[in-house]
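Open the model in your viewer and keep the selection tool ready. This tour goes helix by helix.

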Amino acid sequence: MTSYFDRSYYLKGIRDGLPFIFVVAPFGLLFGVVATEAGLSIFETMSFTVLVIAGAAQFTALQLMAENAPTVIVIISALAVNLRMAMYSASLTPHIGGLPFWHRVIAAYFLVDQNYALSSVKYEQEPDMTLPQKFSYMMGAITPVAPNWYLATFVGALIGKTIPPGLALDFAVPICFLAMIGPMLRTGAHVAAALVAVTLSLVFAFLPYNLGLMVAGIAGMITGAQVELWTERRRAS
Amino acid sequence: MKEIWIVIIAMGIGTFGLRFLFLGLVGDREMPPWVLRHLRYTAVAILPALVTPLVVWPQATNGAIDPPRLMAALVTLALGLRYGNVLLAIGGGAVTLYGALYLLG
């Protein structure tokens, strides 16, 4: 670990990841509560949360088990919700694919929406970052997120009470991500990609297994790539 | 309840597999330019697509369109676009949300 640790970038990652505590804490609490209500022991709930660290997929699995869906369907549906993780993995590979094997294992285990969003923006904003700086930033960004996800789940499972809905903490997730989307829209290609993805996410929201997200996301990526090509060609001619 | 352990273990392995797929198998090998060109737009496509249905049809209102949440979303996005400052955008969005919930709710 020593040679891949850059203190200043680790601290930058922590600082950027801090707002996500407001996302992870209520979500984790809720998972703890719902899981124990569904009959999971604290040990089962914690194993689930630590091995999977993917809130939406964990909720999907619980929901389907409560509906007595066949185990295979539970697993496939919940994994479909996580398909976006493969896209994140692909998207970060050009940046951190050069890390040693075990560092890539650690980065993969901790790859979640929050540190993916932060890291992908940071790597594009600062293309000169070194591999240790990139790895440290990503690990910093997960530092306020993962331990609090575990802790909140544990507290939820233990007390079985969640935060009252009047606080509207359900909306912490959209607000945190929306706040990051603005700064990502740096070129026309970015804007076009986001607009297509937003529109199609609503059009295809009816698709099962969260597949609307994949359709919208891939269409957005194709749009961004095409607009980029078109812009380059126009500039060259 | 044995089924839960099958689900936990399968999801643990499957989710890690998805996360490790490219980081592990591609590693530092060069990817073709057209692939890289698409990957540059992953975040800006997936994250808005993830959030939009949550904004338009919030779970808290059982999917009914909710003016305070819509306003908060627009303010957050606009502040992020205008100032490029994530914390400012989050703060502005939260103030809008609670303000609008208080006034309209």
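At what angle do the axes of helix α2 (residues 21-37) of chain A and helix α10 (residues 146-159) of chain A cross? Select both: the axes cross at roughly 40° and come within 7 Å. Axes are lines fitted to C-alpha atoms, for helices over the stretch in contact, and angles run from 0 to 180 degrees between N-to-C directions. The pair is therefore oblique (under 35 degrees is roughly parallel, over 145 roughly antiparallel, 65 to 115 roughly perpendicular, the rest oblique). Its contact has 13 nonpolar, six polar and no charged residues.

This is a predicted model: local features need pLDDT of at least 70, side-chain atom pairs count only at pLDDT 80 or more, and totals for chains, interfaces and linings use all residues. Residues are numbered from 1 along each chain as its sequence is written, while chains are lettered from A and ligands numbered from 1 in the order in which they are written.

Show Phe22(A), Val23(A) and Pro26(A) of α2(A); they meet Ala172(A), Val173(A) and Cys176(A) of α11(A).

Next, select helix α5 (residues 71-81) of chain A. Val74(A), Ile75(A), Ala78(A), Leu79(A) and Val81(A) are buried (20 or more other C-beta atoms within 10 Å of the residue's own; exposed means 12 or fewer). Turn to the face away from the buried side for exposed Val72(A) and Ile73(A).

Technical notes
Helices (H or I, at least four residues) and strands (E, at least two) are DSSP runs, numbered from the N terminus. Ala, Val, Leu, Ile, Met, Phe, Trp, Tyr, Cys and Pro count as nonpolar, Asp, Glu, Lys and Arg as charged, and the others, Gly among them, as polar. Two residues are in contact if their C-beta atoms, placed from the backbone, lie within 7 Å.
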